[in-house]
Amino acid sequence: MTPRTVVVVGAGVSGLSVALALLRRGHRVTVLERGEIGRESSWAGGGILSPLLPWHYSEPVSALALRSMKAYADWVAEIETLSGRITEYWQCGMRVLGASQPASALAWCKEHGLTAQPCHTNTDDCLWLPEIAQIRNPRLVKALREAVVRLGGMIHAHCAAETTTNRAGRMLAVRTPQREFTADRFVLATGAWAGTALPNMAGVPNVRPIRGQMLLFKLDSGMLDTILFRNGLYLIPRQDGHVLVGSTLEDAGFDKSTDDATRQRLHSDATELLPALAGLQPMLHWAGLRPGSPDNIPVIDRHPDFENVFVNTGHYRYGVTMAPASAELLIDLLEGSPPVLDPAPYRWQAALERGWTEAL
């Protein structure tokens, strides 16, 4: 394809991974970010590179997640080489305690090529998934940013898209407080803000912010060497002894505040899994806003009102997990190439037809 100029709006992992893929295909790329680079859900999440219980999700989620998971080690290695930064990608495995219907889960894993084994503890039957990896997502953001810049991409922080110039079904420019940016193509990767439209542009359907609160503890290195999951709670060890505990699912709009009751509950539940946390206080307690979508299925498609505007958003809990395959699919659509995955479940129209249920 003839190289194009592309403006990507949003500099989280979803936007930066698209920018990187575009640059590698020879396009000229500018990334606009309303705040700090990658400081929303890309920074706030835990970095588990798998759906938490992958057998509980629909095939559209599994298709994107599994393709990304298989590619992740090589994808990250390339980013680290380009950027000169370490992301702490770590295939540490995940232990699922108290799994319901373990036989069905094991059958799903076998069918989808994901290694899983039954295991036992003193109190729970469990499943051991040795191939599950994690990444230190703030470090991934920094590495992606550096890789994009080294390949010639331009990134502008604190540069919010405020209005657009449109003509005859095409977007011509995005205007920010600093200046106007013109391009041949535009990609919207605006995360939890994707449902709030710019003037003269429909917002992405059924995408809304869902708050998640997290805690961070510090233990001696090696005290926990695998991800633990039970009843919606997860503990994620880092190689230097930090342990992340999460997370909540709260429909609280754009409110990123935290509360003591949640901190105490997360701490208490985590201590049941890892008693060494009992005498510690969390080093940090924060909240992030996920780009929530029904059934966790993202929207990766051309905007229906513009022939040259594309969206990559609504990944809910798994934007970091799905980043490589989502970028692949988006670039195929933008360039008019045969898509790597069936794009139908990720179409704008499909998102319109999916509705939220009361339960998150």
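Helices (H or I, at least four residues) and strands (E, at least two) are DSSP runs, numbered from the N terminus. Counted this way, the protein chain has eight helices and 17 strands. Its radius of gyration is 20 Å, close to the 21 Å that the globule rule gives for 360 residues, so the chain is as compact as a globular protein of that length. That radius is taken over C-alpha atoms, and the rule is 2.2 Å times the number of residues to the power 0.38.

This is a predicted model, where local features need pLDDT of at least 70, side-chain atom pairs count only at pLDDT 80 or more, and totals for chains, interfaces and linings use all residues. Residues are numbered from 1 along each chain as its sequence is written, and side-chain values use heavy atoms, leaving out hydrogens and water.

**Inside the chain**

- Of the 360 residues, 56% are buried, meaning under 20% relative accessible area (1.4 Å probe, protein chains only).
- Among contacts (heavy atoms within 4.5 Å) with a separation of 6 or more, 72% join residues 24 or more positions apart.

**Cysteines**

- Let's start with the bond itself: a disulfide is a covalent bond between the sulfur atoms of two cysteines.
- A search of the whole structure finds one disulfide, counted as a pair of cysteine sulfur atoms within 2.5 Å.
- Cys119 and Cys126 form this link, with their sulfur atoms 1.9 Å apart.
- Both Cys119 and Cys126 are buried.
- Cys92 is in no disulfide, and the nearest cysteine sulfur, that of Cys119, is 14 Å away.
- Cys92 is buried too, with a relative accessible area of 7%.

Note on methods. Buried < 20%, exposed > 50% of the residue type's maximum accessible area, 1.4 Å probe, protein only.
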